[in-house]
Amino acid sequence: MTAICFEHVSKWYPRYQSLSYGIKSSLLHLPQTLRSLKRERIRVLEDVSFQITKGEIVGLIGPNGAGKSTTLALMAGVVEAEAGQVMVGSRVSPLLELGAGFHFDLTGAENILLHGVLLGLTRREVVSKMKAIIAFSELEGAIDQPLRTYSSGMIARLGFSIACHLEPEILLIDEILSVGDLAFQLKCNAKIDEFKRQQVTMVLVSHSMPHVQRLCDRVIWLEKGRIIAEGNPAEILKEYDKATQLRHAVDRSSAA
Amino acid sequence: MQVSSISVAHDPKAAQEVYWEHLWDLVVILTQKEMKSRYKNSALGYVWSVANPLLFAVIYYIVFGQIMKVPIENYALFLMAGLMPWHWLANSLSAAPNIFLANATLIKKVRFPRHVLVVSYVLNEGIHFVLSIPVIMGFLLLNGMSPSWNWLAGIPLLLVAEFLIVYGIAVTLASLNLFFRDLERLSALLVTVLFFLTPITYASAMAPAQYRSLLYANPVAPLIESWRELFLHGQFSWLWIGACYLSALGTLLVGSVVYWRMSPKFAEVI
């Protein structure tokens, strides 16, 4: 069963900067503004097609600005594609970066409620999972303290713990697994293996190649908005590594 | 593994119910968040939300009542009855341009109905206004007047009208500000201009005939006048209430069009 399907997806952003110069200049130079909105478009993804089957773990790799995060945003449904079709099966939950969507004056427990509801659960569902979330995060002692008293590791644990209990069918992970202490990382890895057994589809963006190698069934290599290669992690990562080294060498020699 | 109700709800009616329940929960939780975060670090809490309009009432009473001698009896009460509902509107509109910006990370990553952020902000300010109604009652009693039974019908009617008007304008400002960032400064100006164009420190009957039509073009004027009539004289006219709902319809229409046109692009520009 297909969980995520991209068909000839293209995404470009207009240069909205021309608007943020302000109302006055955009209105005074209205024709120019409109023209620049049309012409100065940044292509972020170009004709990208792939399929991800249910239960698969796919890694997205590529240099900065390759379009990895945009791909995740399209999957999460927060932006729309200009061309092509994005089909995403069911319940998607993004694993947010550190502290995003948390409120630092609220307590840990209040944040669980806020976060869970924002990510699509009803209040009743969050309340019924509250105990399990707190237990998994190992934050029983601090859960009634305001979040601003937490260390960044504690916040990360809370965030990961909430995401784990949302019962996602598709989990989007953007470069955040390397948080928390070693013990908690092991716990995260165990949870991910459990998800894998439960046939949860996962899409992972990471610059940590060992991570990608260990977790992923398949890797998609993006560069400048296009798919360069996709397939078996070991092979693709080797190619990717070679290309990066090469580019580095070229950069160095041209700089010299 | 427990299967969640959203994915299991194949029956469209059940899915609809879960959707509304979730929307309601979102509004409740976000409103609670606003209330809590505002008061967590302040000792006086609730007192602030009442003290603010009261302070302005005192200032205007001195300037317009004592120095410029506006010929309105019970001028202090007259001011309070207009200023309390005005502050709901003014506070919401001055904060409106920042509502989406303040939640940038969330908007970029999570798909949820973004307008609930505006709804809960305006509701939060509305709750503060409701909490200040007993203060108005207290001042009425001090002046030998008493609340009327008409309040029971009038207050809910006007609360809904004001909520809709404020929400309509706020969602417009919040959405547009993502694309035109200097709207933030403009809306602070707008609130000040609107204050003087709205009969708060004066009564609309005092305006010369040629300016009166200008007053009626103001979507907020019938609202504030209605509140004041209700608080001071325990009366409301259906004509004024109708005017309130008409302007609510207008601002909601503008707000909805702007929001639906722009919200798919929010995550890109924020």
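Two residues are in contact if their C-beta atoms, placed from the backbone, lie within 7 Å. The views below come from a predicted model.

**View 1. Where chain B touches chain A.** The contact draws 33 residues from chain A and 30 residues from chain B. On the chain B side, four helices each supply at least two residues: H1 (5-8), H2 (12-39), H5 (104-109) and H12 (266-269). H2(B) gives the largest share of that side, with nine residues. Sorted by class, the side of chain B that touches chain A holds 13 nonpolar, 11 charged and six polar residues.

**View 2. Helix H5 of chain A against H2(B).** H5(A) covers residues 108-118. Its axis lies 10 Å from that of H2(B), and the two helices pack at an angle of about 145 degrees. Their crossing is left-handed. H5(A) brings A:Leu113, A:Leu114 and A:Val117 to the contact. H2(B) brings B:Asp25, B:Leu26, B:Ile29 and B:Lys33. Five of the contact residues are nonpolar, two are charged and none is polar.

**View 3. Two helices packed within chain B.** Here H7 (residues 150-179) meets H10 (residues 221-233). The axes are 10 Å apart, at an angle of about 160 degrees. Angles over 145 degrees count as roughly antiparallel, and H7(B) and H10(B) are therefore roughly antiparallel to each other. H7(B) passes H10(B) in a left-handed crossing. From H7(B), the contact includes B:Trp151, B:Leu158 and B:Ile165. From H10(B) come B:Leu223, B:Ser226, B:Trp227 and B:Leu230. By class, this contact has seven nonpolar, three polar and one charged residues.

Technical notes:
Residues numbered from 1 in each chain as written. Chains lettered and ligands numbered in written order. Predicted model: local features only at pLDDT ≥ 70, side-chain atom pairs only at ≥ 80, totals over all residues. Nonpolar A, V, L, I, M, F, W, Y, C, P; charged D, E, K, R; others polar. Axes fitted to C-alpha atoms, helices over the stretch in contact; angles between N-to-C directions. Parallel < 35°, antiparallel > 145°, perpendicular 65-115°, else oblique. Left-handed = near helix turned anticlockwise from the far one by under 90°.
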